[in-house]
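Dear colleague,

I am handing over the structure below and would be glad if you could look it through. My notes on what was found in it follow.

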Amino acid sequence: MAQIRFRDVRHAYPQPKGQEPVYALNEINLVWEDGGAYALLGPSGCGKTTLLNIISGLLTPSEGEILFDGKEVTHLPTSERQIAQVFQFPVVYDTMTVFDNLAFPLRNRGMDEKLVTERVEQIAEMLDLSTNLKKRASGLTADGKQKISLGRGLVRSNVNAILFDEPLTVIDPHLKWQLRSKLKELHQQVGMTMIYVTHDQIEALTFAEKVVVMYEGTVVQVGTPVELFNHPRHTFVGYFIGSPGMNILPCTIDAGQPVFCRSPLTIPKRIKGDLQGKLEVGIRPEFVEFADDGIPVSIEKVEDLGRYQVLTLTHESEIIKMVMTEDQTIPSENPRIQFDPHHTKVYCDDWVVEEAVNE
Amino acid sequence: MSIELRNITFRVGAEPHIYETSLTLEPGGFNILLGTTLSGKTTLMRLMAGLEKPTTGEIWASGKNVTRLPVQQRSVAMVYQSFINYPSFSVYDNIASPLKVAGLNKQEIDEKVHRFADLLKLTPMLHRLPRELSGGQQQRTALARALVKGAELVLLDEPLANLDYKLREELRDELPKLFADTGATVVYATTEPLEALMLGGNTATLKEGRVVQFGKTSAIYRKPATMESAEVFSDPPINSAAISKRGDQAVLGKVASWRVPEQFAALPDGEYKIGLRPHHLLLSGQGVEVNGTVQIAEISGSESIIRIRVNGNVWVSQTQGIHAFEYGEKVRIYFDASHCMYFGTDDQLIDL
């Protein structure tokens, strides 16, 4: 097991001669602590897979260094990095039994058969596969097969990290639940570094202790699920985490306070200095509430999502989303809203204005 | 068009895929088939489209028996989970293809392609090839092709499953609006309860080749007719437990007891079941108190999802705020008895 460090890593895929390089990864300095449960979250094409391939050694970055426990491995091939990988689609030898599938990575490395049995049985137990060990893998359901893939990733105890590339995409939501809990439980039991790549915020937030959010080749924030929810550093984090995402509304600054469509907003600390660039306020739908003396809005739509309701509001030409619990009532006339000052953020060119943050 | 399944069954060889089902879909409605993989969603759609013939029973469309009518003669469009486009055609030609087959003139085709490209935000990409598009754009192209035909019945088989989370959120919002204008009857298959609620309309819950219940989406969520329907329509899974009823008391093992509503109290004493949604099981508050042992706590942004072992069952509490727990920690949980759904041992809802 190891701490994994990215030092000034950048990567550009080859371009035709004479063209400027286009970076799929912008400068990344990042430490993955030994034994951590990480999620790498972002939309398709944001550079997640590129980053993962750099860790596993399938790709050598065009600039920068990768260190495992302080030792440089930038040019080390995959086979010498001791990384286990689980992919989106189950990779299973159909003709082998479940036992032989799980034993494969160990036998491949010439492990003593007695130790193989011991280890396979232990992993099978953790994944509730014990009763299936003698069955042929081909007879299993999709989630059963993916469990074997997970098991094969977990079976080697000497790996530096396990990388999961969207491992639950093909699994039904009902089972996703169980496998996600299982993975988390396994992480607590084995304490290996796990990096879980996904575009699904729910998977990322429920699995990880720390989430690395990527957007257009840049790591825009690394934080706990709570930090990402309460203090998005970039408008993309606000938008991408949370459903519906954060309201991002145009604003101006007057006397250190944001002003939205001529309505002054309260924030805990005044903004110092003169901000140059695109100015916006961010407020999560969860922190918008009805108030007698607030900003007048019209209610365009109310969606009943069972345990909560999502309201679509407009003020002038701006759209504001708001979340209410199932038992809250909607004012019948002249609805007005206000934003919770402690959760109102100011963004300048998409990055949070730190002065406005009051922890 | 209206679609009516009259006592249909579908077998492959001796194996039943769809058990006897009757279902009526109103013209212009948005209908959801909600169920896990292999519950029969795709098979039902293929039957509605005419791609399969029912083993027994009849299918009627707008008052006409279409059971034996081949798919080419029906006004149907279908969109699949994996985006299917012609790889060598531009987006424009992909959208235009069904219109060319139908023999429309150039001007009509051009007008329609632009209208639907505009609706699906594809106008800037009309001259690109599918492989030069993102997944979301490819699926929008497939949707545009299905829409442009003006089919009276549109079947969407998990159309958003392969898309990014946020794109799904956007398209879910747009889809019902898109179809509302066309007047088409839409059938939409999904495995996700929240998706069904977001889309609204009517929902049929499916389990193992049977339609368990059909009705207004929010009504089915609030009043599932059976435990199966409640299970299909709950993610995280609904909490259930066996209880015994004695007089006006519900007794949950040695763990808890509470007073039941009057109409239920009037029923005979004996064994029953309860269903309780995860967001109604809380870590603080009032009402019925239950002790349990934490199995795992997951934290997602503003809420926590905690699996708790209670009296031999594993329950899930979905609760606001951040609550960290260690494995094996003892907790006390609470629920308001009025949030309990009661079922008979036959799993039928006791309608109170």
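**A salt bridge within chain A**

E65(A) and R7(A) form a salt bridge, with their closest N and O atoms 3.2 Å apart; the term stands for a side-chain nitrogen of Lys or Arg within 4 Å of a carboxyl oxygen of Asp or Glu. This pair ties together distant parts of the chain, since E65(A) lies in strand β4 (residues 63-68) and R7(A) in strand β1 (residues 4-12) of chain A, 58 residues apart. Helices (H or I, at least four residues) and strands (E, at least two) are DSSP runs, numbered from the N terminus. Over all chains, the count by this rule comes to 33 salt bridges.

Please keep in mind that this is a predicted model, in which local features need pLDDT of at least 70 and side-chain atom pairs count only at pLDDT 80 or more, while totals for chains, interfaces and linings use all residues. Residues are numbered from 1 along each chain as its sequence is written, chains are lettered from A and ligands numbered from 1 in the order in which they are written, and side-chain values use heavy atoms, with hydrogens and water left out.

**Where the chains meet**

In chain B, 40 residues are in contact (heavy atoms within 4.5 Å) with 35 residues of chain A. Between them the two chains bury about 3,300 Å², 52% of it on carbon and sulfur atoms, where buried area is the accessible area (1.4 Å probe) that two parts lose on being put together, summed over both. Y165(B), K166(B) and E298(B) supply 20% of the area that chain B buries against chain A, more than any other three residues.

The rule finds 5 salt bridges across this interface, and R222(B) forms a salt bridge with E326(A), the closest N and O atoms being 3.7 Å apart. Among the elements that give two or more residues to the side of chain B that touches chain A are α5 (165-182), α7 (217-222) and β16 (288-300) of chain B, and α5(B) gives the most, with 6 residues. By class, that side has 16 nonpolar, 11 polar and 13 charged residues, where Ala, Val, Leu, Ile, Met, Phe, Trp, Tyr, Cys and Pro count as nonpolar, Asp, Glu, Lys and Arg as charged, and the others, Gly among them, as polar.

With best wishes
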